[in-house]
Amino acid sequence: MAQTTKTSNGQKLSDFRDQAREIGPGLLLAGMVAMAAQFLSEHYGIPVMLMAILLGMPLQFLSEDGRAAPGITFASRTVLRIGVALLGMSVSGEMVMLIGPTNLVLILLSVAATILLSIAAMPLIGKDRLFGFLTGGSVAICGASAAMAISSILPNRPENERDLSFTVISITLMSTLAMILYPVISEMLGLDTMQAGLFLGGTIHDVAQVVGAGYSVSDEVGEISTLVKLFRVALLAPVVFIGALALRRSVPAGAARPPLMPLFVVGFLVLAALNSFHLIPEAVKEPTGAVSRAMLVAAVAAVGMKTSLAQLRSVGAASMLIIFAQTVFLGVLILGAIYMAGPT
């Protein structure tokens with residue numbers, strides 16, 4: 001019996017080593033691109049997600065190399081999902097309550113309206129509904145992170161990686177532009193502290209840009225906008241769950257279906273629940289947040305390494321206008337609701 005257990009453990013160790021050798025080269029390459037992107041972002045102020053995908057795209061030939069391809073695929077899928085799951089540590093029930101019930105309803109409705117309108121409108125302009133879900137969810141929730149999470153549950157299609165790369169690039173550019181312009185707009189419109197935080201946190205796509213925009217106005221606006229943004233991040237799990245459920249129903253009989261509740265969404269919810277009950281030490285949350293961010297950057301780099309520039313050009317300028325229109329729609333919707341509600 002002891003000999004059988006020893007043999008089994010030895011086989012498992014051997015299998016692990018074989019898998020590590022298989023994914024190691026590509027995973028290392030994705031990590032190196034991610035580190036280069038982080039360095040350039042820190043020294044030149046370029047958004048790290050945009051830098052990661054732009055640095056990865058010229059290396060697309062490596063994703064077709066037998067030695068690097070498995071690791072690049074592993075980074076673009078498994079590493080991505082672990083990184084998204086770890087985002088759950090950044091949200092909690094207390095955070096949600098601090099925003100207030102009226103504002104919570106506003107954010108919920110704005111996210112739902114942006115996604116549903118995007119899905120409904122796509123066939124009218126010659127795009128499929130999956131592209132609408134991908135771009136609308138990215139605009140409505142949390143930019144590149146949402147794009148990658150939503151892309152992971154979409155049915156396998158040749159254009160998936162192309163659409164994802166396009167969305168990450170476009171969303172990051174729009175988010176950076178919003179980070180610059182939206183604080184100016186909030187000042188011009190005379191928004192008070194709560195209104196400005198709600199506007200910035202409820203409309204800008206990526207967390208980093210929300211933080212930059214909010215604290216450029218004031219510390220109070222920065223805190224409120226970050227809370228609002230993290231609530232939008234928390235909506236990633238239910239949106240992915242509902243999307244997976246809808247996609248399962250649309251898959252033809254006999255075809256492979258996406259899981260009803262992807263494991264990374266379960267992980268996200270479990271960590272968010274643990275954080276809500278203060279079961280995660282503060283000493284753990286900060287380094288884990290850094291690990292999550294690093295994983296997402298590496299995953300974006302890997303997606304870039306799997307994207308052909310020629311394929312990216314085939315998406316067309318009209319798709320950029322779609323994401324611009326979605327961004328404007330969300331901004332106008334939030335501002336309209338703020339003005340209807342009046343001063344806080």
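## Helices H10 and H11

In this predicted model, helix H10 meets helix H11 through Val207, Val210, Val211, Gly214, Tyr215 and Val217. On the H11 side, the residues in contact are Asp219, Val221, Gly222, Glu223, Ser225, Thr226, Lys229 and Val233. Sorted by class, the residues of this contact comprise 7 nonpolar, 4 polar and 3 charged.

H10 spans residues 207–217 and H11 spans residues 219–234. Their axes lie 6 Å apart, and the packing angle is about 160 degrees. Angles over 145 degrees count as roughly antiparallel, and H10 and H11 are therefore roughly antiparallel to each other. The crossing of these two helices is right-handed.

## Helices H6 and H8

Helix H6 covers residues 129–140, and helix H8 covers residues 160–188. The two pack at an angle of about 30 degrees, with 11 Å between their axes. An angle under 35 degrees counts as roughly parallel, so H6 and H8 are roughly parallel to each other. The crossing of H6 and H8 is right-handed.

H6 contributes Phe131, Leu134, Thr135, Ser138 and Val139 to the contact. H8 contributes Asp163, Leu164, Phe166, Thr167 and Ile171. By class, the contact of H6 with H8 has 6 nonpolar residues, 3 polar residues and 1 charged residue.

## The Phe131–Phe166 pair

The model has a count of 2 aromatic pairs. One of them joins Phe131 and Phe166, whose ring centres are 6.5 Å apart. The ring planes stand at 35 degrees, so the pair is tilted. It links distant parts of the chain, with Phe131 in helix H6 and Phe166 in helix H8, 35 residues apart. Both residues also belong to the contact between H6 and H8.

Residues under 20% relative accessible area count as buried. Phe131 has 2% relative accessibility and therefore counts as buried. Phe166, at 8% relative accessibility, counts as buried as well.

## The chain as a whole

The protein chain contains 16 helices and 0 strands. Of its 344 residues, 49% are buried; Phe131 and Phe166 are among the buried residues.

Among contacts in the protein chain with a separation of 6 or more, 78% are between residues 24 or more positions apart. The Phe131–Phe166 pair has a separation of 35 residues.

Note on methods
Residues are numbered from 1 along each chain as its sequence is written. This is a predicted model: local features need pLDDT of at least 70, side-chain atom pairs count only at pLDDT 80 or more; totals for chains, interfaces and linings use all residues. Side-chain values use heavy atoms; hydrogens and water are left out. Axes are lines fitted to C-alpha atoms, for helices over the stretch in contact, and angles run from 0 to 180 degrees between N-to-C directions. Helices (H or I, at least four residues) and strands (E, at least two) are DSSP runs, numbered from the N terminus. Angles under 35 degrees count as roughly parallel, over 145 as roughly antiparallel, 65 to 115 as roughly perpendicular and the rest as oblique. A crossing is left-handed if the near helix is turned anticlockwise from the far one by less than a right angle, and right-handed if clockwise. Contact means heavy atoms within 4.5 Å. Ala, Val, Leu, Ile, Met, Phe, Trp, Tyr, Cys and Pro count as nonpolar, Asp, Glu, Lys and Arg as charged, and the others, Gly among them, as polar. Rings of Phe, Tyr and Trp (its six-membered ring) pair if their centres lie within 6.5 Å; planes under 30 degrees apart count as stacked, over 60 as edge-to-face and the rest as tilted. Buried means under 20% relative accessible area, exposed over 50%, partly exposed in between (1.4 Å probe, protein chains only).
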